[in-house]
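Here's a quick tour of a protein model and its ligand. Have the viewer open and follow along.

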Amino acid sequence: MDDLFPEEIGLIRDSVNRFMETEVVPKMDAIEAAGEFPRDLVLRAGAAGFYGNLFPESVGGSGMGYLAAAVVSEELARNDVRFAACFNQQAATCPYCIFTAGSVEQVVKYVPKLLAGETIGMMSLTEPGGGSDALGNMHTRAVRDGDYYILNGSKMWASMANETDVGVLLAKTDPDAGHRGVTAFIVEPKKYPGFEARPVEMHGLSKALRTNAVFLDDFKVPVENRLGEEGEGFKIVMQALQAGRVTVAAKALGVARACFDDAVRYANERMVKGSPIGKFQMIQSDIADMAASIEASRLLVYDAARRMDAGLPCNRIAAIAKYHASQTAKMAADKAQQVFGGYGLATEYRVSWLKSYADLFFTGEGTANVQKILIAEDALGYKVADRHHGKTKFRDPRSDDIVGPAAAE
Ligand SMILES: Cc1cc2nc3c(=O)[nH]c(=O)nc-3n(C[C@H](O)[C@H](O)[C@H](O)COP(=O)(O)OP(=O)(O)OC[C@H]3O[C@@H](n4cnc5c(N)ncnc54)[C@H](O)[C@@H]3O)c2cc1C
């Protein structure tokens, strides 16, 4: 396994594992019981550098890239996926939108604090009408009034919205202009009235790191917080979601590995008719299926990440990696529950709720069907998945050190 990535990424992996084993895993059940967002742990994860791999040192990142970010995401999720739930908001989508499309002032003001875990991020695209066609279902309006935009409407499934200090939110400035009518805003819900986040009760998901319905009632956003120009929002967010896809795929891989580790341990311990159940061939068949799919998913996720690091076309391979890893997570969670028998349904064992996270990764940040459409349309020659490669006008965090070495201080 170690030879799948360079030594420096192995060191980051070890550091994530130490942090999770000593700081997070022993506390997470109590945090869940209290239902309190673990701000101090996010701050410590930020200070340890776990959120900065996609960004240059000038904004507090490490510049280590997508493979490093994928490995961090995978290991966070493998140790405790509940804590990993805020990873993309801190380390990918939210700061990515701001870094790629923001002014230098916006980047300097917001990105270093997100990467440091000092502020909590959010990325709110989806609306109640449906996420797969986020553009067609977007009804939230932003109307300019002097130095402010006034936002009205509702968003759905906005993760961490009940905690966020600095988020990116999409709204229509021109409802008749298709994707050119969507604008991205940096929102600060704690500073301005009119933003209400209501956590949604979810089966098997964290009660401390939550997803929300959001209601915007004359919510004010200063004009200086617009990201890019009016009408650029959809391009900004699509690029960020593509960048975040590999870290979501890595999270799914982490969940699959957690299921596998627990199933192997339990199969060796659980005695039936005088022998460990691991000796039964049908249990071995499940373990073998899990192992084979996990190894395949890992190669796909790392390959997608490596291509992203090299600046190669990667939308198609990232979609394949996300699709495969989320399928693997679902299969591994299902098989792990079977290995555990009745105990697989008891909340005392994490396989009982890992299944909900596996289901989430099948849906979140582009459903399995949406990934399959992209993969199949590319294969059939209807739409090239990587047709936008190299055409962006936005900043590239891999190469762009826009603000000089002092910005993060
Ligand atoms: C826990 C959680 C956290 C989330 N966090 C965020 C967040 O932080 N920010 C954010 O913006 N969004 C977030 N989401 C939203 C997530 O991205 C959406 O749920 C996802 O995009 C799917 O949208 P939907 O749930 O409205 O399903 P729909 O779009 O209504 O789709 C329903 C079903 O129809 C299928 N389908 C849709 N179109 C097609 C088609 N053309 N062909 C075949 N099948 C199709 C889908 O695959 C799906 O199975 C989160 C969701 C969850 C559950």
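What follows is a short walk through the domains, the ligand site and a few local pieces.

This is a predicted model, so treat it as one. The protein chain splits into domain 1 (2-115), domain 2 (121-231) and domain 3 (235-380). The ligand lies between domain 2 and domain 3, because both of them give residues to the shell around it.

**How domains 2 and 3 meet**
- Where they touch, nine residues of domain 2 are in contact with nine residues of domain 3.
- On the domain 2 side of that contact, the count by class is five nonpolar, four polar and no charged residues.

**Around the ligand**
- The ligand has 20 residues around it, and the closest are Gly131, Ser132, Trp157, Thr367 and Asn369.
- Strand 1 (121-124), helix 10 (351-363) and helix 11 (368-380) are the elements that give two or more residues to this shell.
- Helix 11 gives the most, with three residues.
- Sorted by class, the shell holds eight nonpolar, eleven polar and one charged residues.

**Helix 2: a buried side and an exposed one**
- Helix 2 covers residues 39-47, and Val42, Ala45 and Gly46 in it are buried.
- Those three sit on the same side of helix 2, because they cover an arc of only 100 degrees around the axis.
- Turn to the face pointing away from that buried side and you'll find the exposed residues Asp40 and Ala47.
- What do the buried residues of helix 2 pack against? Their partners are helix 1 (7-34), helix 4 (87-91) and helix 6 (104-115).
- After helix 2 comes glycine 49, with a positive phi near 90 degrees.

**The hairpin of strands 2 and 3**
- Strand 2 (residues 141-145) and strand 3 (residues 148-155) run antiparallel and are joined by five bridges.
- They form a hairpin with two residues between them, and glycine 146 in the turn has a positive phi of about 65 degrees.
- Leaving aside neighbours within four places in sequence, valine 143 is in contact with Tyr149 and Ile150.
- Valine 223 is 80 residues away from valine 143 along the chain, and their C-alpha atoms are separated by 11 Å.

**Strand 5: covered on both faces**
- Strand 5 (residues 182-187) is largely enclosed by the rest of the structure, because six of its six residues are buried.
- In a regular strand, side chains alternate between the two faces of the sheet.
- For strand 5 that gives Val182, Ala184 and Ile186 on one side and Thr183, Phe185 and Val187 on the other, all of them buried.
- Strand 4 (residues 166-172) runs antiparallel to strand 5, with six bridges joining them; here alanine 171 stands opposite threonine 183.
- Strand 8 (residues 226-227) also runs antiparallel to strand 5, joined by two bridges, and alanine 184 stands opposite leucine 227 there.

Conventions
Residues are numbered from 1 along each chain as its sequence is written. This is a predicted model: local features need pLDDT of at least 70, side-chain atom pairs count only at pLDDT 80 or more; totals for chains, interfaces and linings use all residues. Two strands pair if DSSP finds at least two bridges between them. Helices (H or I, at least four residues) and strands (E, at least two) are DSSP runs, numbered from the N terminus. A residue is near a molecule or strand if its C-beta atom, placed from the backbone, lies within 6 Å of it. Ala, Val, Leu, Ile, Met, Phe, Trp, Tyr, Cys and Pro count as nonpolar, Asp, Glu, Lys and Arg as charged, and the others, Gly among them, as polar. Domain bounds come from an automatic or database domain assignment. A residue is buried if 20 or more other C-beta atoms lie within 10 Å of its own, exposed if 12 or fewer, and partly exposed in between; C-beta atoms are placed from the backbone. The arc is that of the directions from the helix axis to the C-beta atoms. Two residues are in contact if their C-beta atoms, placed from the backbone, lie within 7 Å.
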